[in-house]
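I opened this notebook to keep track of what I looked up in the structure, entry by entry. The entries follow the order in which I went through the elements and the spaces between them.

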Amino acid sequence: MVAALFIAPLAPVVAGLALVVGDRSIRSVSRHTAYIVSLVATLASLIASIAISYDRPVLDRQWVPEIGMRLHLAVDGISVPLLLMTAAVGVLVVVHARHEQPEGGTPATFFGCLLLVIGGGIATFLVQDAISFFLAFEVVLVPMWVLIGRFGDRRDARERARAGNTFVLYTVLGSTLMLVGILTMSFAAGTTDLAGLAAHPLSPGKQTAVAAVLLIGLGIKVPMWPLHSWLPRAHTIAPTAGSMLLAAVLLKMGTYGVVRLVIAPLPQGVERLAPYVGTLAVIGIVWGGLVCLVERSLKRLVAWSSIAHMGFVLLGLMSGTTIGLQAALFANIAHGAISALLFAVVGGLKHRWGGADDLDHLDDLDAVRRSLRDVSPRLSLALVIGFAASMGLPGLAGFWGEVLAIFGAWTPAGGRPEGWFRVLAMFASIGAVLAAGYALRVLRVVWQGRAEGGAPPEAEPAGDARGNEWLVTSVLSTAVVVLGVIPLVLLQTTSGAVDHLMAVIGR
């Protein structure tokens, strides 16, 4: 069981480095290697996750004793859902990439970068040491930059370079601030262990200062308004596989960092800053929804919707309540599945439309004039499920995280201004209404098409999802439905760890 903790992140990282260094590997070798290694990482993650029901496996060895740094890997109810989602989405991304590999470099480099991002994400959710957490977080940045800058949209080299550079500059700034906060806590506590940091809290004033630094650094990575501007550009340029990983893995690493590095060791600092961070989160919810109502690019629209939905995660975290934290963890997983599904579908549509995804000009395309439901019924079904979940429709994954986050904000923990948080809850509800507006706008243009013109011509099955693409979209669609219909599967998984965390914060 302990070996699984080590294999899960190590296998994709080592294989990814080997593919990147080899570079000229035959395409079939590269994609088969990526597929097998991603399955191994998923199997190891599943074994480690199941093991906590019997005997919590822990790998704890000295690594850099001079600074108290240890190789400490473990899982609990908070990390298990994120670990499994990262591993599962990793497999789906590799499968999808076998169907649609972008230009810009060799297959070995492309699949190697995918594996490095997957391995770094898995490591982030396993490590129990603050410095190791920082290192695992940084592992994903360079390969993601390569995916954006080298394998991104080929139509505009300047915009591709700008998106990659913006991604690096923002995330490196966030990493620098995160490292400053980690080192401050570690030197004060005399340890880099996450549990040790929570057991040796700083004074209230220092907690507020360090929490502010960490929340800004991690807020860039979430991303939190107004630190969000790198995300729409990165999503628009990134290849489909890169967008799926960016939304389902990298953004979750940011909110997970807020739980482990801020909420647990700095509860008094979070309590003081919660009204301000909650306000920024709700501004992001409303701002993202308003932009989506007028956004012309379908892929950018999905990216902006991610900013809005991640606002609900932050609002739940800042409420300081058990139900708010549960909501945030649920919304994290729900958004990962929904966004991965939408980017897979939108990437497929953009590929079929010759790179065009401007909603204002799609009437000129025959596929849309005849409606997507007639030309590509499978893709249209996945699109409907994705946007229905995005608008928070009951019975789908997006509903529970948003409703519970609003409920948690309505009755915040003691020490937080109840009246202000109720105002935030009301404005967050307006954001949910905006989500319904932009979702219906997309479905009217893309799914329904133009109503005039008589009966649609005969459908073209060749334009529909098949093979690997259909497998990826159907698995993600199923996950969105299952999480919406049976939310207790996830809520019960996280409940024990959340109760323990709340006890640590309240002592």
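Predicted model: local features only at pLDDT ≥ 70, side-chain atom pairs only at ≥ 80, totals over all residues.

**Entry 1: helix α17**

I began with α17, which has 14 residues and reaches 20 Å from its first C-alpha to its last, close to the 20 Å expected at 1.5 Å a residue. I then asked how many of the residues of α17 are buried. The count is ten of its 14 residues, and I therefore noted α17 as mostly covered, with buried meaning under 20% relative accessible area. The buried residues are L379, S380, A382, L383, I385, G386, F387, A388, A389 and S390. Looking past the end of the helix, I found that α17 is followed by G392, whose phi is positive, near 80°. For background I wrote down that most residues other than glycine have a negative phi, and that most peptide bonds are trans.

**Entry 2: the largest cavity**

The largest cavity has a volume of about 100 Å³. Its lining is made up of H309, F312, V313, A331, A334, H335, I338, A389, S390, G398, G401 and E402. The elements that give two or more residues to this lining are α13 (298-318), α14 (322-352), α17 (377-390) and α18 (397-410). Which element has the largest share of the lining of the largest cavity? I found that it is α14, with four residues. Sorted by class, the lining of the largest cavity has six nonpolar, five polar and one charged residues. Going back to the first entry, I saw that A389 and S390, both listed in this lining, are also among the buried residues of α17.

**Entry 3: the second largest cavity**

For the second largest cavity I noted about 60 Å³ of space. The residues that line it are F137, L141, T171, K221, W230, L246, L250 and L251. Helix α11 (residues 240-263) provides the largest share of this lining, three residues. By class, the lining of the second largest cavity has six nonpolar, one polar and one charged residues.

Helix α9 has 18 residues and reaches 25 Å from its first C-alpha to its last, close to the 26 Å expected at 1.5 Å a residue.

In the loop between α9 (204-221) and α10 (230-237) I found P223, which is joined to V222 by a cis peptide bond with omega of about -5°. P226 also has its place in the loop between α9 and α10, and a cis peptide bond joins W225 and P226, with omega of about 5°.

**Entry 4: D193**

I turned to D193, which lies in the loop between α7 (157-189) and α8 (194-199). Is D193 buried or exposed? Its relative accessible area is 17%, which is under the 20% limit, so D193 counts as buried. The side chain of D193 makes a polar contact with the side chain of H72 at 2.8 Å. Not counting residues up to four places away in sequence, D193 touches H72, Q128 and D129.

L71 has its place in strand β2 (residues 69-74), and at 24% relative accessibility L71 counts as partly exposed. The C-alpha atoms of L71 and S132 are separated by 7.4 Å, although these residues are 61 residues apart along the chain. With residues up to four places away in sequence not counted, L71 touches F6, L59, D60, R61 and W63.

A123 belongs to helix α4 (residues 107-126), and I recorded A123 as buried because its relative accessibility is 15%. A123 and F6 are 117 residues apart in sequence and 8.9 Å apart in space, C-alpha to C-alpha. Leaving aside neighbours within four places in sequence, I found A123 in contact with P9 and A136.

How values were computed. Residues numbered from 1 in each chain as written. Heavy atoms only, no water. 1 Å grid on protein atoms, 1.4 Å probe; cavity = no way out; pocket = protein on both sides within 12 Å on 5 of 7 lines; lining within 4 Å. Points joined across faces, edges and corners; volume = space filled by probe spheres on them. Nonpolar A, V, L, I, M, F, W, Y, C, P; charged D, E, K, R; others polar. Buried < 20%, exposed > 50% of the residue type's maximum accessible area, 1.4 Å probe, protein only. Polar contact = N/O pair within 3.5 Å; in protein donor to acceptor, adjacent residues only side chain to side chain. Contact = heavy atoms within 4.5 Å. Expected span 1.5 Å × (residues − 1).
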